[in-house]
There are 2 protein chains.
Amino acid sequence: MKIALDAMGGDFGPPNLVAGAVMALREYRHINKLFLVGDSAQIEAELKKHGCNDDRIEITHATQVVDMSDRAWSAVRRKKDSSVSRAVDLVKRGQADAIVTAGHTGAAVAASTIKLRTLPGIDRPGIAAVLPTETNVFVLIDAGANIDARPEHLLQYAFMGSVYSRHVLHYKNPTVGLVSLGDEDVKGTELTKEVFKMLKPSSLNFVGNIEGRHLFEDPVEVVVCDGFVGNVILKTCESIAVAMFQWLKHELMRTAMRKAGGFLARNAIGTIKDKTNYEEYGGSPLLGVNGICIIAHGASTPLATKNALRVAAESIEQQVNPHIVEEIRRYNETTASLEPALR
Amino acid sequence: MKIALDAMGGDFGPPNLVAGAVMALREYRHINKLFLVGDSAQIEAELKKHGCNDDRIEITHATQVVDMSDRAWSAVRRKKDSSVSRAVDLVKRGQADAIVTAGHTGAAVAASTIKLRTLPGIDRPGIAAVLPTETNVFVLIDAGANIDARPEHLLQYAFMGSVYSRHVLHYKNPTVGLVSLGDEDVKGTELTKEVFKMLKPSSLNFVGNIEGRHLFEDPVEVVVCDGFVGNVILKTCESIAVAMFQWLKHELMRTAMRKAGGFLARNAIGTIKDKTNYEEYGGSPLLGVNGICIIAHGASTPLATKNALRVAAESIEQQVNPHIVEEIRRYNETTASLEPALR
């Protein structure tokens, strides 16, 4: 398999991204080719630091970078030679099977949508983030691709999230919940009430509205919401997890007894810390585009980059896209066959 | 001071609420009168259990309860003798200074808005939830009162949150952040972009857009968002905090060494647990109505109820409402005096 890595994006740029690429190539022998897209001088310098001359690497020079202050869609149109655009081009031309980027999320969404187009039956792509529960994980979709969501977009997210959950996370019949203000059907915005009406009669294992407080207690397997809300959930979870470990660390330093306790309990604390560490998850697939695009964390470390490349490899293997197309086709057929009065 | 407690609301009804009332009366001598509003037989039975015959208690009988499945605004119109409506009536008639309810949030918002009206210059009330950071707390407004927010509502929330932060939490010049998708000005929904434009030139200490990930790392003192997003943030924080302590507890039980560590570190863990425990905060004021209404947690324990009554007492003492009216009046004057071209 062949992966194109946007080597310029993210808060830390080439140093972290190239280091992650080198780690991934050492660990994942089934990556046959890794395109490193960006400023070739910088990329070469980083590769040199690691003493890496793996012949599976191919540098694709790109002269521009999308900045965090750029507007997503215009950046794709104006900066034609940006690293993210060039990486997507490699997928478009069939030279790569997937792209991975830690750069401007909006630009990655825009470039993928413009160049690769959406899958048949899908209007807007959505980011599927994977979050931990005590014993497992759930999919949160959309985690930030589409902030002007219409009801049919959220319906499509529910289908895409279910397919991902079944084929990549191996849940048999994943439960689907809609983020709202309360469990009751009557609660929510105009958007969520519309989506509720569409999800209820669908073939999905829809359990109804869920609140933020149900995310980790008695969790569902697919959590559906618009991109603004999903992004807030994702970032809030990261933030509070990091904060709590810091608070705990400081509290554990206060007395000798606590220090001893922290030392004895270090593996227990470490297990939870790893579970809530986004670096372990690496990246989130942008579902619904006709290709594979993995959105890595903006603050990606080498470890996070390596794991984002692993997620890309898994996505290539699992062939999620044909399953999405099939499920949406079946839904549309069923809906179309209903009496107009029932629709 | 006189407080009206909706004794029927919440997931657990009279047992927890009356127990909390009894705790509060023992602890807070400056509560001169506590109305317990609801089914008098049930309330009397609960008081009897606690052997409480405090003469500051006055039971106000109400025959109805707003259910969680009721629609907020119609419940207020249809169930005229509900406990929450009767409690608000006591404030309206000047018999009580504040109400506390753990019932249907939407009904509490609707009853307060309909009966007490909003303050001059305020279009919609907002719930100001107080959340912990490592060393302090911040105000999240709106935490769920208004899910159809317009830009001017969020502007008013920013002012109300700042007033609350200054007068109740004693921040001198509280920093205000707007929840969006990234720190950059160009990011966000149509709503947040509009609000950004209004906040930037205002007299508030506005620091710009913030993401969920900034809530607990380098936090601002007032976090502004619409009620849907705010409710999701609040409930997600509660959910993940509870989940992480459960995970930690289970991990600490796995080996004898970890158990010993957990025992030695129990005070450190307990400190963080208390910090993130909503019961300690008790309730959130509904700011912007012409009166004082404290929204307690639906799953209120006796301790949470007691603390919600404490928040009500503090709100009565601090006289937040006149300050809100004054700040909004000044903002409107300044804006009106600007050249039309600059508005």
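These are my notebook entries on a predicted model with chains A and B.

**Entry 1: chain A overall**
I began with the fold of chain A. I found 13 helices and 11 strands in it.

**Entry 2: burial and contacts in chain A**
I looked up burial next. Of the 343 residues in chain A, 56% are buried. Then I turned to contacts with a separation of 6 or more. In chain A, 72% of these join residues 24 or more positions apart.

**Entry 3: the nonpolar core**
I recalled a general point: in soluble globular proteins, nonpolar side chains tend to be buried together. Which residues have the most contacts inside the largest nonpolar core? They are A:L5 and B:L5, and this core has 234 residues. I followed B:L5 further. Beyond its neighbours within four places in sequence, B:L5 is in contact with residues including B:L17, B:A21, B:L34 and B:F35. B:V100 and B:L309 are also among them.

**Entry 4: where the chains touch**
How many residues does each chain give to the contact? Chain B gives 54 residues, and chain A gives 54 residues. On the side of chain B, the elements giving two or more residues are α8 (227-252), α9 (256-264) and α10 (266-275). The largest share, 21 residues, comes from α8(B). I sorted this side of chain B by residue type: 29 nonpolar, 14 polar and 11 charged.

Technical notes: Residues numbered from 1 in each chain as written. Chains lettered and ligands numbered in written order. Predicted model: local features only at pLDDT ≥ 70, side-chain atom pairs only at ≥ 80, totals over all residues. Contact = placed C-beta atoms within 7 Å. Helix = DSSP H or I, 4+ residues; strand = E, 2+ residues; numbered from the N terminus. Nonpolar A, V, L, I, M, F, W, Y, C, P; charged D, E, K, R; others polar. Core = buried A, V, L, I, M, F, W, Y, C linked by C-beta atoms within 7 Å. Buried ≥ 20, exposed ≤ 12 C-beta atoms within 10 Å, placed from the backbone.
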